[in-house]
Amino acid sequence: EKGEGMTHKELETYLLSMPGAWLDYPFDETTAVYKVGHKDAPGEEEKMFALIAEGSQPVRVSLKCDPQLSSNLQQKYETVLPGYHMNKKHWITVICSGQLSDDEVKDLARLSYRLVTE
């Protein structure tokens, strides 16, 4: 076993290091939503690229994903699930228990960011 996965803090620091990323709580105080873009900036809209369930242990993060990759990951890992409360075709929820390495989780987070910013 590869040991522990990323902590909420580690993952949050990584998510917020992406250009223009910011944290919002639009749904409730237990769902941290990571967005890019600002609706008060001309021609921009806010787009979610990650959601973290506060207090989840291990951390559960929902990320936008390519449907084919999403399907492959769900078959390969029991810690990758269809997006919780999200469009199941385009979102996955990853349980950061260490089954996926920190780098793999970061790659998926970067992909999510790219998918919403392209």
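Which residues have the most contacts inside the largest nonpolar core? This tour of a predicted model starts there.

**Stop 1: the core**

Select Leu11, Leu15, Phe49 and Val94, the residues with the most contacts inside the largest nonpolar core, which has 29 residues. Then colour the elements around them: H1, strand E2 (31–36), E3, E4, strand E6 (91–95) and H3 each supply at least two residues of this core. The element that gives the most is H3, with six residues. In soluble globular proteins, nonpolar side chains tend to be buried together.

**Stop 2: leucine 15**

Stay with one of these residues, leucine 15, which is placed in helix H1. Leucine 15 counts as buried because its relative accessibility is 0%, and the cut-off for buried is under 20%. Show what surrounds the residue: leaving aside neighbours within four places in sequence, leucine 15 is in contact with Ala21, Tyr34, Phe49, Ala50, Ile52 and Ala109. For a distance to draw, take the C-alpha atoms of leucine 15 and tyrosine 113, which are 8.7 Å apart in space and 98 residues apart in sequence.

**Stop 3: helix H1 against helix H3**

Now select helix H1 (residues 8–16) together with H3; their axes come within 11 Å and cross at roughly 35°. The crossing in which H1 passes H3 is right-handed. On the H1 side, pick Leu11, Tyr14 and Leu15; on the H3 side they meet Val105, Lys106, Ala109 and Arg110. Sorted by type, the residues of this contact are five nonpolar, two charged and no polar.

**Stop 4: the aromatic pair**

How many aromatic pairs does the structure hold? The structure holds one. Select phenylalanine 49 and tyrosine 113: the centres of their rings are 5.2 Å apart and the planes stand at 85°, so the pair is edge-to-face. The pair links distant parts of the chain, with phenylalanine 49 in strand E3 (residues 47–53) and tyrosine 113 in helix H3 (residues 102–117), 64 residues apart. Are the two residues buried or exposed? Both phenylalanine 49 and tyrosine 113 are buried.

**Stop 5: methionine 48**

Move to methionine 48, also found in strand E3. Methionine 48 is partly exposed because its relative accessible area is 24%. Display its contacts: not counting residues up to four places away in sequence, methionine 48 touches Phe27, Val33, Tyr34, Lys35, Met86, Trp91 and Val116. To see a separation across the model, draw a line between the C-alpha atoms of methionine 48 and valine 80, which are 19 Å from each other and 32 residues apart along the chain.

**Stop 6: the cis peptide bond**

Follow the chain from E3 into the loop that runs to strand E4 (60–64), where proline 58 is found. Which residue is joined to proline 58 by a cis peptide bond? The partner is glutamine 57, and omega is about -5°. For context, most peptide bonds are trans.

**Stop 7: tyrosine 77**

Next, select tyrosine 77 in the loop between helix H2 (67–76) and strand E5 (80–82). With 11% relative accessibility, tyrosine 77 counts as buried. Leaving aside neighbours within four places in sequence, its contacts are Gln99, Leu100 and Glu104. Its C-alpha atom is separated by 9.9 Å from that of isoleucine 95, a residue 18 places away along the chain.

**Stop 8: serine 97**

Is serine 97 buried or partly exposed? Serine 97 is partly exposed, with a relative accessible area of 26%.

Terms used. Residues numbered from 1 in each chain as written. Predicted model: local features only at pLDDT ≥ 70, side-chain atom pairs only at ≥ 80, totals over all residues. Heavy atoms only, no water. Phe/Tyr/Trp six-rings, centres within 6.5 Å; stacked < 30°, edge-to-face > 60°. Helix = DSSP H or I, 4+ residues; strand = E, 2+ residues; numbered from the N terminus. Buried < 20%, exposed > 50% of the residue type's maximum accessible area, 1.4 Å probe, protein only. Axes fitted to C-alpha atoms, helices over the stretch in contact; angles between N-to-C directions. Left-handed = near helix turned anticlockwise from the far one by under 90°. Contact = heavy atoms within 4.5 Å. Nonpolar A, V, L, I, M, F, W, Y, C, P; charged D, E, K, R; others polar. Core = buried A, V, L, I, M, F, W, Y, C linked by side-chain atoms within 4.5 Å.
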